[in-house]
Amino acid sequence: DTGAAAAARASNYAFDEREVLLPQEEAEPVIGGDDLLASKTGARPDRHIQLFRILQAKWQCYDAYCTVCMSLGVNQMLQVLSYYAIAHTLVENVSPTTGLALVFMFQCCTVAIGVFD
């Protein structure tokens with residue numbers, strides 16, 4: 001049933017054909033975003049919201065990947081700061097309590113970012 005599966009996927013992406021979001025032909029060429037929204041067919045107040053929702057659905061997987069990568073990057077940066085705090089406070093300042101306090105603070109931030117994301 002590959003034909004039925006393809007038809008089901010196509011119906012998920014189909015939208016109402018009566019409503020044209022982008023004009024097919026205009027007398028004047030569309031130059032930029034302001035011209036597109038100011039033209040006769042693009043003057044509806046909610047048109048930009050509809051266009052954004054359609055485009056957002058296409059980019060949703062990339063947005064999720066970016067969120068995961070940024071979360072892992074911030075986590076690693078906080079780990080680096082923890083190790084730097086240990087090395088700096090123990091070797092140069094000879095202050096283990098300050099080092100422990102900084103490590104505790106950075107690790108709390110790491111856990112908080114893990115919970116919030």
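Biologist: What should I know about the model before we start?

Modeller: The model is predicted; local features need pLDDT of at least 70, side-chain atom pairs count only at pLDDT 80 or more, and totals for chains, interfaces and linings use all residues. Residues are numbered from 1 along each chain as its sequence is written, and side-chain values use heavy atoms, with hydrogens and water left out.

Biologist: How many helices and strands are there in the protein?

Modeller: The protein has four helices and zero strands, and the elements run α-α-α-α from the N terminus on. Helices (H or I, at least four residues) and strands (E, at least two) are DSSP runs, numbered from the N terminus.

Biologist: What does A85 touch, leaving aside its neighbours within four places in sequence?

Modeller: A85 is in contact with G99, L102 and F106, where contact means heavy atoms within 4.5 Å. The C-alpha atoms of A85 and V103 are separated by 6.8 Å, and these two residues are 18 apart along the chain.

Biologist: Which residues of α4 are buried?

Modeller: G99, V103, F106 and T110 are buried in α4. Seen down the axis of α4, its buried residues fall within an arc of 70°, so they line one face of the helix. The arc is that of the directions from the helix axis to the C-beta atoms.

Biologist: What do the buried residues of α4 pack against?

Modeller: They pack against α3. T110 is one of the buried residues in α4: at 13% relative accessibility, T110 counts as buried. Not counting residues up to four places away in sequence, T110 touches N75, L78 and Q79.

Biologist: Which exposed residues does the face of α4 turned away from its buried side carry?

Modeller: That face carries T97, L100, F104, V111, V115 and F116. F116 has 72% relative accessibility and therefore counts as exposed.

Biologist: Where is A101, and why is it not simply called buried or exposed?

Modeller: A101 is in helix α4, residues 96-116. Its relative accessibility is 47%, so A101 counts as partly exposed. From C-alpha to C-alpha, A101 and I86 are 9.7 Å apart in space and 15 residues apart in sequence.

Biologist: How do you know that the span of α4 is close to the one expected?

Modeller: The expected span of a helix is 1.5 Å times one less than its number of residues. With 21 residues, α4 reaches 30 Å from its first C-alpha to its last, close to the 30 Å expected.

Biologist: What makes the nonpolar surface patch?

Modeller: Y83, I86, L90 and V91 make a patch of about 420 Å². Patches are made of residues with over 30% relative accessible area and no salt bridge; like charges are joined within 9 Å, and nonpolar side chains (Val, Leu, Ile, Met, Phe, Trp, Tyr) within 5 Å. A salt bridge is a side-chain nitrogen of Lys or Arg within 4 Å of a carboxyl oxygen of Asp or Glu. V91 has 65% relative accessibility and so counts as exposed; V91 is found in helix α3, residues 47-92.

Biologist: What stands out about the phi of V94?

Modeller: Phi of V94 is near 50°, a positive value in a residue other than glycine. Most residues other than glycine have a negative phi. V94 is in the loop between α3 and α4, and at 63% relative accessibility it counts as exposed.

Biologist: How much of the protein is made up of buried residues?

Modeller: Buried residues make up 14% of the 117 residues. The accessible surface comes to about 9,700 Å², of which 65% belongs to carbon and sulfur atoms. Accessible areas come from the Shrake-Rupley method with a 1.4 Å probe; for residues, only the protein chains shown count as cover.

Terms used: Buried means under 20% relative accessible area, exposed over 50%, partly exposed in between (1.4 Å probe, protein chains only).
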